[in-house]
Structures are given as C-alpha cells and as structure tokens.
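Dear colleague,

I am passing on the structure that we spoke about, together with notes on what came out of the analysis. Please look through the model first and then read on.

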Amino acid sequence: MSEVRFGRGGVPDWLEPMVRFCSRCGAELEFGPIGGEDRDRLACPACGFVFYVNPRLVVTTLPITDTGRVMLIRRGIEPGYGMWAQPGGFLEIDETVRDAAIRETREETGLVVEPGAIVGLYSRLPAAVVVVAFEARIVGGEPQITHESLETRPFGPDEIPWAEVAFETSVRALSDWVAHVRPDLPLPDPSETRRDFGA
Ligand SMILES: [Zn+2]
C-alpha cells in the first residue's frame with residue numbers, strides 16, 4: 001500500500017479541491033465534529049448539509065478465453081499508458097454492477113462477457129476507490145483496439161507480465177486469479193509491484 005496523506009477535509013489531497021463548497025447552497029464547507037457522528041465531517045455552516053465523501057466503485061473483469069487465458073489490454077491512456085490492465089471503469093449511477101462489468105469490457109476490448117465469480121474486492125485508499133474483479137466467460141465479440149487501448153491479447157496464468165501491470169489493484173486481482181487456477185505458480189512480491197499512480 002502506497003503512503004496516502006489525508007489532508008484538509010479528511011480526504012486525499014487530490015480530492016480536496018472538489019469538496020470545498022456546499023453542493024446545495026454554495027457556502028464554504030467546514031471540516032469538524034458534528035452532532036451524532038463519531039468522526040469529523042465536511043459540513044455546511046449555512047444550511048447544515050453534511051457532505052459525506054465515500055470511495056467509488058470500479059468494476060473490472062478478467063475475461064477468460066476457452067483455453068483458460070486472461071485477456072488484458074495495453075492501456076492507451078493515462079494513468080498507466082503503455083502498461084497492462086484488465087478492462088474496467090467506474091460504476092454509473094443508473095446501472096447494476098453486473099451491467100457495468102459487461103459494458104466496460106465491451107467498450108474496452110470488443111468482447112462480450114458473462115461475469116461469473118468475484119475474484120476479489122480491493123480497497124485502494126490513495127485513489128479513493130474500491131475495485132471489484134469478476135472472472136468472466138467470453139461469449140461473443142472480437143478483440144479490438146479502442147481509443148483507450150493499444151493492444152488486447154491473452155495471457156496464460158504463467159505469462160502475466162507482472163512488471164508491466166499498470167495498477168496495484170490489477171496486480172492483486174491477477175495474483176488472486178493465478179493463485180486460484182494455478183496454485184503451483186510463483187506470485188509477484190507485493191513490494192516489487194507497488195504502483196504510485198491511479199488505482
Ligand atoms: Zn449549504
């Protein structure tokens with residue numbers, strides 16, 4: 001886990017500019033104790049609105065081929081440009097987790113998947129996200145390049161390019177998948193795969 005600084009407002013520094021003003025009345029929020037809560041909160045002194053800041057859910061899949069390999073994309077956008085990750089993205093307010101998994105996978109790889117078991121659920125405090133990773137069966141579509149990807153290709157459990165995997169949560173999800181399907185294989189040392197950017 002990378003070091004994370006929770007500064008003004010009790011949130012990571014990059015998030016602080018987004019939580020300065022009341023979204024209901026526009027007054028400046030204050031961070032401190034409020035009645036009935038056991039921790040400091042951002043609240044509006046003008047209208048009383050309490051601004052709860054919570055992590056967002058990132059929905060990802062590990063699309064598995066007929067031969068038991070996982071399809072990864074080489075990212076064409078920052079963060080992690082040129083590195084490998086599984087398809088995924090933020091859950092939208094009007095969709096279910098399962099629908100998001102299918103949509104993000106299709107958008108980023110061209111593949112149609114059927115999400116199955118959850119490989120894992122991963123908190124990443126510096127990015128204020130929780131990442132869920134589904135194992136997913138490929139049921140249609142064709143791998144394609146998108147504006148977000150340079151390449152899409154399958155990797156066997158013994159072929160994961162650990163040093164070039166973009167995100168800490170991707171390393172953790174792929175490690176959990178490999179440990180499940182090929183418990184005989186060595187896994188990367190978490191201290192060597194720590195990533196400072198993104199999720
Ligand atoms: Zn207000």
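I begin with Thr61, which is found in strand β4, where a strand is a DSSP run of E with at least two residues and a helix is a run of H or I with at least four, both numbered from the N terminus. Please keep in mind that this is a predicted model, in which local features need pLDDT of at least 70 and side-chain atom pairs count only at pLDDT 80 or more, whereas totals for chains, interfaces and linings use all residues. Residues are numbered from 1 along each chain as its sequence is written.

Is Thr61 buried or exposed? Thr61 is buried, because 31 other C-beta atoms lie within 10 Å; the term buried requires 20 or more other C-beta atoms within 10 Å of the residue's own, exposed means 12 or fewer, and partly exposed lies in between, with C-beta atoms placed from the backbone. Leaving aside neighbours within four places in sequence, Thr61 is in contact with Gln86, Pro87, Gly88, Ala101, Thr105, Val113, Pro115, Phe134 and Ala136, a contact being two C-beta atoms, placed from the backbone, within 7 Å. Phe31, by comparison, is 30 residues away from Thr61 along the chain, and their C-alpha atoms are separated by 37 Å.

The domain assignment, whose bounds come from an automatic or database source, divides the protein chain into domain 1 (8–51) and domain 2 (56–192), and the C-alpha centres of these two domains lie 34 Å apart. The C-alpha trace as a whole spans about 60 × 35 × 30 Å along its principal axes. The protein chain holds two helices and ten strands, which follow one another from the N terminus as β-β-β-β-β-β-β-α-β-β-β-α. Of its 199 residues, 31% are buried, and 61% of the contacts between residues at least 6 apart in sequence join residues at least 24 apart.

Three strands form an open sheet in the order β1-β2-β3, with antiparallel pairing, where two strands count as paired if DSSP finds at least two bridges between them. β1 (30–32) and β3 (50–51) stand at the edges with a single partner strand each, so one side of each is left without a neighbour in the sheet. Strand β2 (residues 41–43) is joined to β3 by two bridges, and Ala43 stands opposite Val50 in β3.

Of its 32 residues, Leu62, Ala85, Ala133, Val165, Ala173, Leu174 and Trp177 touch the most other members. The elements that give two or more residues to this core are β4 (56–64), β5 (70–75), β6 (84–85), α1 (97–109), β8 (111–124), β9 (129–141) and α2 (168–181).

Both helices can be compared with an expected span, taken as 1.5 Å times one less than the number of residues. α1 has 13 residues and reaches 18 Å from its first C-alpha to its last, close to the 18 Å expected. Ala100, Ala101, Ile102, Glu104, Thr105, Glu108 and Thr109 are buried in α1, and the buried residues of this helix pack against β4, β5, β7 (88–90), β8, β9 and β10 (149–155). Just after α1, Gly110 takes a positive phi of about 85°. For α2, the 14 residues reach 20 Å, close to the 20 Å expected; ten of the 14 are buried, so α2 is largely enclosed by the rest of the structure. What covers the buried residues of α2 includes β4, β5, β6, β8 and β9.

β8 and β9 pair in the antiparallel sense over eleven bridges, with Tyr122 opposite Val131 in β9. They form a hairpin with four residues between the strands, and Ala128 in the turn has a positive phi of about 55°.

Gly141 also lies in β9, and is partly exposed because 14 other C-beta atoms lie within 10 Å. Which residues does Gly141 touch, not counting those up to four places away in sequence? They are Arg106, Gly110, Leu111 and Val112. Gly141 and Leu111 are 30 residues apart in sequence, yet 4.4 Å apart in space, C-alpha to C-alpha.

With best wishes

Terms used:
A nonpolar core is a set of buried Ala, Val, Leu, Ile, Met, Phe, Trp, Tyr and Cys residues joined through C-beta atoms within 7 Å.
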